[in-house]
Amino acid sequence: MLRELHLLTREGHLNADALRKLKQVNHLMGLLRPAVEDVQARHPNAVMVDAGSGNAYLGFVLYELFLKGADTGALLSIEGRPDLTERAQGRAQRLGFDRMQFQTAHIDTAKYPERIHLLMALHACDTATDDALVAAIRHGADHVAVVPCCQAEVAAQLKEKRPVVTGSGTLSLLYAHAWHRREFGSHLSNVIRALTLETFGYQVTVTELTGWEHSLKNELILGRRVHRENRRARVQLERLLAETGVNPKLTRELGVKAAASVGAPAASTEPESAVDSSASESAAPSEHHASEGSDQGSS
């Protein structure tokens with residue numbers, strides 16, 4: 001398989017670029033293993049989606065490790081460039097990966113299966129990551145894994161708008177300069193993405209994918225659906241949108257609007273969440289987990 005993907009030379013060697021790619025994908029497989037094993041155990045015909053698959057390295061490695069030896073389950077790779085789709089289809093045929101499917105479409109216009117059990121999006125640029133999260137939420141994905149890339153939408157909104165002034169009104173100092181606006185916008189985008197997943201019932205983990213020497217686009221957001229909704233997270237998200245003055249594609253598509261007032265207490269007086277027993281047998285409260293230090297080992 002590695003030779004078919006041109007990650008190995010004919011002599012069986014890895015060059016520096018191939019080693020970097022393989023280490024990223026292999027490490028992600030280790031982080032995804034609990035999610036994949038969970039959906040395979042609970043869903044005999046598990047449907048997994050690789051959104052914005054590119055050359056489909058992620059999909060091929062996942063199929064090799066988890067689907068090749070299984071009798072059921074399918075992997076759908078979605079890619080907007082027809083040449084990449086055609087190339088990946090040929091590779092799948094030569095490898096005998098007959099339950100690996102391909103679709104040429106952009107993430108926001110793709111035709112998804114009615115039910116998705118695991119959705120992945122590795123380095124989907126700017127709002128394409130939002131499109132992947134919208135698809136996961138709308139199709140009831142049990143697990144979500146995204147590594148965002150090239151985030152520009154929120155930074156542009158920060159440039160055009162000013163946040164609601166609260167207290168000393170110094171929030172805008174965090175993005176007064178273009179460089180800071182780009183970095184702060186990227187961070188804010190991912191905070192909104194994690195909080196949106198929580199709003200729609202996911203338990204969220206935010207960590208790094210691999211060491212910074214391999215990629216600057218390194219933030220991994222993992223979600224596991226344990227509730228139908230989380231009202232407290234929704235209140236927090238609405239307040240965050242109001243305080244920062246941004247309205248990214250993710251919240252627009254899902255109908256989440258900024259709070260009318262940010263003066264009220266953030267905590268909701270209603271129950272925190274509604275349990276969805278079909279999503280998980282254990283419905284733990286939603287919370288963020290930050291990685292302390294780098295986790296460099298590969299699976």
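**Sheet, cysteines and a capped helix**

Trainee: Which residue in E2 is the bridge partner of Ala51?

Mentor: In this predicted model, the bridge partner of Ala51 in E2 is Ile78. That pair sits where strand E1, residues 47-51, meets strand E2, residues 74-79.

Trainee: How many bridges join E1 to E2, and do they run parallel or antiparallel?

Mentor: Five bridges join E1 to E2, and the two strands run parallel.

Trainee: What is the strand order in the open sheet?

Mentor: The open sheet has seven strands in the order E3-E2-E1-E4-E5-E7-E6, and the pairing is mixed. Strand E3 (100-104) and strand E6 (202-208) stand at the edges with a single partner strand each, so one side of each has no neighbour in the sheet. From one strand to the next, the twist averages 15°.

Trainee: Which strands does helix H1 touch?

Mentor: Helix H1, residues 16-42, packs on the sheet and touches E1, E4, E5, E6 and E7, and its direction makes about 155° with that of E4. Helix H4, residues 127-138, also packs on the sheet, touching E1, E4, E5 and E6, with its direction at about 170° to that of E4.

Trainee: Switching topic, how many disulfides does the structure hold?

Mentor: The structure holds zero disulfides. The closest cysteine sulfur to that of Cys149 is in Cys150, at 3.1 Å, which is too far for a bond, because a disulfide needs the two sulfur atoms within 2.5 Å.

Trainee: Is Cys149 buried or exposed, and what about Cys150?

Mentor: Cys149 is buried, with a relative accessible area of 8%, whereas Cys150 counts as partly exposed at 39% relative accessibility.

Trainee: What is Ser189 in contact with, leaving aside its neighbours within four places in sequence?

Mentor: With those neighbours left aside, Ser189 is in contact with Gln151 and Val154. Ser189 is found in helix H6, residues 178-199, and is buried, with a relative accessible area of 8%.

Trainee: And H7, which residue caps its N-terminal end?

Mentor: Asn230 caps that end of H7, with a side-chain oxygen 3.2 Å from the backbone nitrogen of Arg232. Just after H7, Gly245 takes a positive phi of about 75°.

Trainee: How far apart are the end C-alpha atoms of H7?

Mentor: They are 20 Å apart, which agrees with the 20 Å that the 14 residues of H7 (231-244) should span at 1.5 Å a residue.

Trainee: What covers the buried residues of H7?

Mentor: The cover includes helix H5 (153-160), H6, strand E8 (227-230) and helix H8 (249-253). Among the buried residues of H7 are Ala233, Leu237 and Arg239.

Definitions and conventions:
Residues numbered from 1 in each chain as written. Predicted model: local features only at pLDDT ≥ 70, side-chain atom pairs only at ≥ 80, totals over all residues. Heavy atoms only, no water. Pairing = 2+ DSSP bridges. Helix = DSSP H or I, 4+ residues; strand = E, 2+ residues; numbered from the N terminus. Axes fitted to C-alpha atoms, helices over the stretch in contact; angles between N-to-C directions. Contact = heavy atoms within 4.5 Å. Buried < 20%, exposed > 50% of the residue type's maximum accessible area, 1.4 Å probe, protein only. Expected span 1.5 Å × (residues − 1). Polar contact = N/O pair within 3.5 Å; in protein donor to acceptor, adjacent residues only side chain to side chain.
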